[in-house]
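I opened my notebook to look up how two chains meet. These are my entries.

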Amino acid sequence: MRGGGRALAGLALLAAIALWALAAHELWRSSVPAGLALPHVDVHQFFSTSFLHRSSSFGSFLDLDRLLASVTLLVVLAVYARHGHTLMRESAAGRIGTGVLLGMLGFAVVWLAQVPFGLAAVWWERRHHISHQGYGASLLESFFGLGSRFLFIALALAVAMGLARALRRWWWLAAAPLFAALALLSTFLSIYLIPSTHPLRDPALAADARTFAAREGVPGTQVLVQRVSRSITAPNAEAVGIGPTRRVILWDTLLDGRFGRREIGVVTAHELGHIAHGHLLRRVGWLALFLLPATALVALLTRGRGGLARPEAVPVALFAFVALQLLTLPLWTLVSRHEETEADWSALQATHEPATARGLFERLATTSLANPDPPAWSYVLYANHPTIAQRIALTEAWQARPSAR
Amino acid sequence: MSDHPVRLVISDDLSRKRLTVFFRLILVIPHYLWLAAWGVVALLAAIANWIATLVAGRSPAPLHRFLARYVKYATHVYAYLYLAADPYPPFDGGPGYPVDVEIPPPEPQNRLTVAFRLILVIPALLLAAALLGAPSFGSNRWRSGDEASFNFGIGIAHAAAFLGWFVSVARRRMSHGLRDSVAWGVGYGAQLWAYLFLLTSRYPDSDPEVVLGGLPVRSDPIILEAEDDLRRSRLTVFFRLLLAFPHFVWLMLWGVLVFFAAIANWAATLVQGRPPVGLHRFLSAYLRYQAHVYAFVSLIANPFPGFAGSSGSYPVEVAVAAPARQNRWTVGFRLVLVLPAWLLGAAYGSVLWPVALLGWFASLVTGKMPRSLRNTGVQSVRYSTQVYGYVYLLTDAYPYLGPCRIPGLSGGPEQPPEALPVAG
């Protein structure tokens with residue numbers, strides 16, 4: 001009987017893994033032609049040696065800073081996992097409330113430990129004129145940003161601990177889909193959390209955006225401008241929301257005259273590409289796929305402290321979850337680069353402007369001091385976009401595709 | 001109870017003459033002019049006293065006497081103006097006024113604290129602004145360019161004096177609670193001036209029990225109890241405001257339900273003459289939770305509060321009496337009746353900001369909340385709790401309008417409970 005039960009559990013596990021793999025395969029689908037070979041691009045053809053040297057030095061410092069911050073994060077959380085439960089005496093909030101407090105304090109300790117790395121990054125960016133945000137302003141912004149993280153962790157822990165109390169060892173089975181649903185809700189509402197936006201006022205740019213939106217199959221998608229130029233000089237754009245809340249956000253640093261109409265059009269088409277191919281929804285799908293094994297592992301690791309229903313297990317859960325996130329970072333960046341490539345492809349299909357796209361990528365690299373060809377470890381760990389060299393290569397591959405001849 | 005060398009002595013019997021109360025603002029003008037003229041000389045004397053004390057390590061007796069007289073006179077004038085006392089004060093700051101202040105003789109002082117007295121006094125000034133009320137200057141940028149503005153932060157003494165004027169004209173008697181509220185501010189002001197003029201080296205102590213030399217013990221239907229050892233965790237102090245974010249959200253969400261529950265409670269109490277038990281319990285839990293959160297944010301208590309407002313779960317606790325029969329007239333017009341209490345509540349509430357701000361720095365450095373700040377803040381939470389309890393119809397006893405003894409907190413000798421007045 002016991003053997004039969006085990007076999008059944010094994011079969012169920014196999015079926016779950018197969019389902020997981022099938023879902024991952026579906027999410028990985030892309031409109032970029034399979035087997036597309038990217039030509040080799042010699043970055044020296046596009047960038048001066050002095051720029052390559054500068055951008056490499058700029059990127060190396062930030063990469064190292066980020067790596068050290070990640071290591072510190074792990075060390076701090078490991079120490080917190082061991083000793084964090086002693087802070088339970090600072091609570092009069094019952095089991096779940098105390099767990100919420102320990103979760104927030106974990107993030108608080110991490111924030112304190114990471115302050116030097118954040119300030120170092122600000123110093124480096126100011127030195128290279130990428131940012132002119134003050135140290136005090138940056139510190140205050142990150143401090144109050146911690147408030148929203150506290151709210152998030154409070155909600156997540158209240159849900160997880162409540163489920164752990166009701167479902168005991170199997171809480172994660174309910175928690176993973178619930179968290180995914182919450183992520184979906186937060187993606188849906190994200191547009192309302194972005195400050196200082198206004199509609200795109202330039203009629204020519206707005207007309208281009210309408211054209212590209214229609215070509216990419218997402219007509220009527222609104223394009224907004226976010227004012228960030230008071231503290232940032234680097235240009236950027238993003239796609240947010242789902243369904244009725246989907247928007248393209250262009251930073252005003254993109255519209256300050258450094259980029260031409262056609263270049264801004266490519267950026268807009270790229271962001272519309274994210275919306276057209278449902279990348280935001282797919283992100284939630286990937287998150288759900290990550291959460292299932294991750295929460296199961298957290299449930300397993302917290303058993304030693306009596307399970308997640310007990311507040312003393314929260315520091316351990318925090319450490320386990322963050323460690324898992326860091327371990328799977330290369331997979332997250334891989335997914336992100338995959339989606340960015342598809343958005344680039346979609347923009348080329350909509351604009352038919354490979355030369356403009358190449359010029360844009362060159363300009364983006366020079367204005368953001370992005371290293372066109374970063375070291376492999378940095379690329380694997382932190383690059384959430386293809387390298388500039390890869391993006392230029394994609395434009396050449398698009399031009400060379402059979403239908404273009 | 002810790003003592004303060006600058007002691008307020010109150011022998012006022014609360015009786016007031018309508019005529020002098022009605023014209024109080026005009027009657028006080030000669031005193032104001034005399035106070036201003038004396039103030040100019042006092043300022044010069046204070047500078048001389050500062051130099052002399054810095055050199056000799058002790059305030060010279062003649063200067064000390066002169067400045068002490070000035071502080072006493074100012075206390076008399078403000079007590080008269082704010083209706084904490086009734087007789088027209090003498091112009092010489094002589095002894096025997098119903099609200100008087102005792103100032104100790106010159107004592108040796110630490111030269112370092114003398115040298116930096118003007119800087120050291122800043123935190124006390126923040127508290128004085130909340131207890132007394134203080135003018136402030138600002139600039140409005142959102143309209144046409146820079147535009148200077150003048151604000152008047154309502155302090156407890158000002159608000160109490162305003163309400164006291166109506167009470168005294170109507171009843172020929174000042175309310176005990178309002179008189180003590182005024183005296184609290186005036187007494188703290190006297191301590192502040194005495195410290196600033198180097199008449200004492202003791203820092204002003206805002207604890208109302210210290211300022212007033214004892215507080216009435218009351219047995220209201222809604223009381224605050226506190227058991228706190230003043231220890232504070234530096235980590236939770238540093239992140240206190242952010243840690244309270246989930247509570248703010250929960251307070252807001254729960255508040256939406258409370259809004260409808262309070263309306264239902266109003267209708268039900270109007271019909272039945274007493275609040276239904278279920279609604280009373282629900283609103284009491286919210287009231288308790290509100291007090292827990294305020295106490296946590298303003299560092300009056302240390303632990304992170306729970307989210308349910310459970311009774312007995314927090315060091316700063318609210319005890320609410322069981323539902324009792326209420327006068328239907330006071331139920332029907334509750335929102336009108338509460339307006340005076342609400343006005344004073346705004347002043348009491350404004351005390352929490354300096355308490356939290358100063359307490360934050362002090363707790364972060366020493367790991368302990370100063371007793372005086374804790375005991376000041378707890379009066380604010382107690383008062384707002386009673387106001388909200390009155391609004392939610394948990395009781396028809398009017399909030400007590402002055403500072404009173406908080407059971408559980410270290411304080412002076414026990415006094416017999418006062419009878420419950422309709423209005424403090």
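The entries below go from the whole interface to single elements.

I am working with a predicted model, in which local features need pLDDT of at least 70, side-chain atom pairs count only at pLDDT 80 or more, and totals for chains, interfaces and linings use all residues. Residues are numbered from 1 along each chain as its sequence is written, while chains are lettered from A and ligands numbered from 1 in the order in which they are written.

Entry one, the interface. I found 16 residues of chain A in contact with 17 residues of chain B (contact: C-beta atoms, placed from the backbone, within 7 Å). On the chain A side, strand S1 (91-92), helix H3 (94-127) and helix H4 (135-167) each give two or more residues (helices are DSSP runs of H or I, at least four residues, and strands runs of E, at least two, numbered from the N terminus). H3(A) gives the most, with seven residues.

Entry two, the strands. I saw that S1(A) pairs with strand S6 (residues 304-305) of chain B in the parallel sense, over two bridges (pairing needs at least two DSSP bridges). In this pair A:Ala92 stands opposite B:Pro305.

I looked up H4(A) against helix H13 (residues 245-272) of chain B: they pack at about 65°, axes 8 Å apart (axes are lines fitted to C-alpha atoms over the stretch in contact, and angles run from 0 to 180 degrees between N-to-C directions). H4(A) is therefore roughly perpendicular to H13(B) (the term covers 65 to 115 degrees). From H4(A), the contact uses A:Gly147, A:Phe150, A:Leu151 and A:Ala154; from H13(B), it uses B:Phe245, B:Pro246 and B:Val249.

Key. Contact = placed C-beta atoms within 7 Å. Parallel < 35°, antiparallel > 145°, perpendicular 65-115°, else oblique.
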